[in-house]
Amino acid sequence: MPDELLSRLRRFNTDFFPQYQDRFKDLVEQGQHPTTLFIGCSDSRLVPYMLTGAGPGELFLVRNVAAFVPPYDGSAGHHGTAAAIEYAVLALNVQHIIVCGHSHCGGIRALYGEVPDEASNLKAWLELGREACLPVQLSDEALHRTEERSVVLQLERLMDYPMVRSRVERGELALHGWHYVIEAGEVNVFDVHQGRFVPASSSEHSGTGPYSLTPVHDGVSPIFNEIDEAWRPR
Ligand SMILES: [Zn+2]
């Protein structure tokens, strides 16, 4: 049986690497200085380098099921993504954090269905999106809205990380919420002032917020309510 992966590794070495050899040499000698932490869903159809036109050394990437951000308080079993956030902000001094969800997300869809008991880690992980769920029957529209709401929910959770919040408040760090619509080839970016997602093609910026300094009441933030109320079943 031909070893397809081995062929690809060899192609990388012979065809791709020579074009970027100098760049990789610099990145080794001077170390990495990515300006952006990209937290994206693991979905194979989401290709961060294609979306952003980034090359080697430009994105510090974290990918997980549904692009969730675990709570800062360090719940057991959720350390990987939290550790990457701390490292990106404290050691790499990134200036942007993108949370990127997408259409047809299996992780978000699973919030409306059953997860096998055997997938106990997945079951626990999905709870990080529970608050984004809508009290309606699953439909294409509801899934789309839940995907967007989840992105905002994760941005809010990011603001619970002290090193994130302090830098955002000082204007040293920007948070961006993105929802990638696979079939349209377009990213909708969250606009905190409008409380909704706006197509990148007509947006004046690459996403803002939430930057609200209003304290959270009863575990519900004003920004999240805003997008909640903006949703109307069609
Ligand atoms: Zn997904």
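Start by selecting Gly40 and Cys100: Gly40 stands opposite Cys100 in strand E3. This is a predicted model, so treat each stop as a look at computed coordinates.

**The E1–E3 pairing.** E1 and E3 run parallel, joined by five bridges. E3 spans residues 96-102. Is E3 mostly covered or mostly open? Mostly covered: six of its seven residues are buried.

**Across to E4.** Cys100 stands opposite Trp178 in E4. Now show the whole of E4, residues 174-181. How many bridges join E3 to E4? Seven, and these two strands also run parallel.

**Phe38.** Go back to E1, residues 36-41, and pick Phe38. Is Phe38 buried or exposed? Phe38 counts as buried because 27 C-beta neighbours lie inside 10 Å, and the cut-off for buried is 20 or more.

Next, show what surrounds Phe38. Leaving aside neighbours within four places in sequence, Phe38 is in contact with Pro48, Leu59, Phe60, Leu61, Ile98 and Cys100. Cys100 is the residue that Gly40 stands opposite. The separation is 6.1 Å in space, against 24 residues in sequence.

Select Asn93. This residue lies in the loop between helix H3 (79-90) and E3. Check its backbone: phi is positive, about 55°, although Asn93 is not a glycine. Why does Asn93 count as partly exposed? Because it has 13 C-beta neighbours inside 10 Å, and partly exposed falls between the limits of 12 or fewer for exposed and 20 or more for buried.

Move to His104, in the loop between E3 and helix H4 (106-110). His104 has a positive phi too, near 55°, and is a residue other than glycine. With 15 C-beta neighbours inside 10 Å, His104 counts as partly exposed.

**Last stop: confidence.** Colour the chain by pLDDT. The mean for the protein chain is 89, and 87% of its residues reach 70 or more. Then select residues 213-217, where pLDDT is below 50. Beyond near neighbours in sequence, this stretch has two contacts in the model. Where pLDDT is low, predicted coordinates should not be read in detail.

Definitions and conventions. Residues numbered from 1 in each chain as written. Predicted model: local features only at pLDDT ≥ 70, side-chain atom pairs only at ≥ 80, totals over all residues. Helix = DSSP H or I, 4+ residues; strand = E, 2+ residues; numbered from the N terminus. Contact = placed C-beta atoms within 7 Å. pLDDT = per-residue confidence, 0-100. Pairing = 2+ DSSP bridges.
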